[in-house]
Amino acid sequence: PEVRREDAESDWSADSWSDYGSRDKPGTTLGRTVPDGNVLFPDIFHTDHLLFYERFRAYQDYILADCKASEVKQFISEYLGKVLEPSGWQAIWRTDVFEVLVGVVGVNFSTLKAVVQLSEPFLCESQDGSFTLECMQELLELKEHQILLQELWVVYDESGEFDQTALAIEHIRFFYRCIWRTWDEEEEDELDYFVRCVEPRLRLHYDVLEHRVPSGLVVDYQNLLSQCEELYEKFLNVRNSISSNDSDSEAENVSMVEGLKLYDKVEHLKQKLKLIENPLLRYVFGYQKYGSLQAKGLRPTGAKVTHVVPWTMTASLLQLLARDKLCPESCEDLEIQFHRDPLAAINACYEGDRVIICPGHYVVDGVFCIADSVELEGYGLPDDVVIEKQGKGDNFFDCTGADIKISNLKLVQHDAVEGILNVHHGKTTLENCVLQCETTGITVRTSAELLMKNSDLYGAKGAGVEIYPGSACTLLHNGIHHCKEGILVKNFLDEDYEAPKITMVNNMIHNNEGYGVVLVRPMMASEMKDASAQETKGTFLFLEETPKTSKSSVPRFLDWNTQPTQAGDETACAEGSRQEQPRCVTDELELYKRAETSEQTENNSEIANVLGATSAKKSQMHKKRLSELGFTEADDNLMSQEMFVSVEGNQFKWNGKGSFGIFLF
């Protein structure tokens, strides 16, 4: 700590403050804002608009540095001692009940409190108007005239003398409101507090502000945080009651059991919070969001309507529509409705309706919520019928209908938070479509089914297709490219989930930043033992990323200090066998095509084998749980938990990390 403190003090030079405060600058560099309310309070410094990098730099370079959680208060106290004016400034003291103007006459840095007195004239505003001068004086006496610094908003001063004071209090206020958790001090101090807690929570805060996190996930995080704080307070009360009682009574034993249960619940919630705070894990694990859309069902009249959306309607276009779509057979009783935009047409649909979108570029601001079995098709080629989403929002297409069909459309997504298409329930068929994504591509939720064929998907900053446990996903003759990952198969080993059914035939998966296909699963007990054994030897384990030129695309654990002899032997054997074969074909291009075909076949086989083996592992785990519960003979349907996997004819080219990878957690 002494070395770190000396290093920190060496940074407190005049130069280091040149762009942080206004110590060497005449006049203030901060803005001002007028307080809300009916009382004419003086203006205050406008400091709550700071950018991410400003807060990041302040906490990393000036306030917390590399302190541990147990040293946070000490580092903050030392920081305030260097930048805060000890007296001579005014502030508005704000609580949930009242606001009052006070003058600061001193600062207690060890407790992070200011010594204040009421300003003259007396200015106070409260919800019921009951706080008089006498009441406030009595309240301050009870508090010994000391209040928390984060409850103060510094009164504006154009001289610049109090800029650093206003900024410092803003950083402390933000820290205790948005970063600090009451249980942080009890966490292990293996990593410095800034890296472990401050940075991920700060990034999450600004991701939420900039609409980069789904609104449902934000609600989940706030609920989890509230639950964790409530349970942690109960845990502390139980623990304190046990520590203050030395008797070995039955009541104390009951309290200990209750304390252990509360502790387990708190730890479980803390892990969930950390998953959301970590950008990578937040993307990998996602969150369960189910559509709450209500299907309309059939029309009261029982009729089915064809909805037509024309960009511009001409006589020739109407004749073509009548010939190809509206009257192919019997059209005497066909009801047709015309709409100005695709979203209005979808909102007017009932069960069994059909929407035909004429060629044009349609810009919509809203979400396509499809809860009934309807058909949505473009009249023409996908590039001729474009639906582009404008404005920020969570979703583009939400599908919960029993049988939804979408065809011949190009969907373009901008400024999105969630994927371009979410299949929450039922079956959605996507045929001959182009999807230009922004975040993730298509998400197939638990119990949902997707059939995607002859389509092109690209541009996803996450995975092109996310496959959840218990879903069914069939991909036929598609292109998935220029995404973060091609296809992501989420962890299905949890006992609450069933294995997904996956069919991948003749897809072209190429030019993705990571892997073509990624499987997410927990590390097995045997793998953990191997990892711990290697650590005791002073070595490390790593997940090998198979090079694009390697024959095997399955990641494997290797000892850091040993050479990957197995992979090397396989390659050597393959090369040796090639050299031993008689060269009946001398055309190098033909040899290259044969080698490439062989490699693609191996890629398909290995993906199918690994997914199948993981599914078989789940089946074994399921049988073991049944055995522990006393079920020695189980129904075949109950025992059949294995994944149906069909992976054939797919091509994997130019993916950054290889064809197939496994994300272990």
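Student: Which helix gives the largest share of the lining of the second largest cavity?

Tutor: This is a predicted model, where local features need pLDDT of at least 70, side-chain atom pairs count only at pLDDT 80 or more, and totals for chains, interfaces and linings use all residues. Residues are numbered from 1 along each chain as its sequence is written, and side-chain values use heavy atoms, without hydrogens and water. Lining residues (an atom within 4 Å of a cavity point) include Arg181, Trp183, Lys270 and Glu277. Four of the lining residues come from one helix (a DSSP run of H or I, at least four residues, numbered from the N terminus), and that helix, spanning residues 250-277, is α8.

Student: Is Phe338 buried or exposed, or in between?

Tutor: Phe338 sits in strand β10, residues 335-338, a strand being a DSSP run of E, at least two residues. Buried means under 20% relative accessible area and exposed over 50% (1.4 Å probe, protein chains only). Because its relative accessible area is 49%, Phe338 is partly exposed.

Student: What share of the 665 residues counts as buried?

Tutor: The chain has 15 helices and 36 strands. Of its 665 residues, the buried share is 46%.

Methods:
On a 1 Å grid over the protein atoms alone, a cavity is a set of points where a 1.4 Å probe fits but cannot get out, and a pocket is an open set with protein on both sides within 12 Å along at least five of seven lines; lining residues have an atom within 4 Å of a point.
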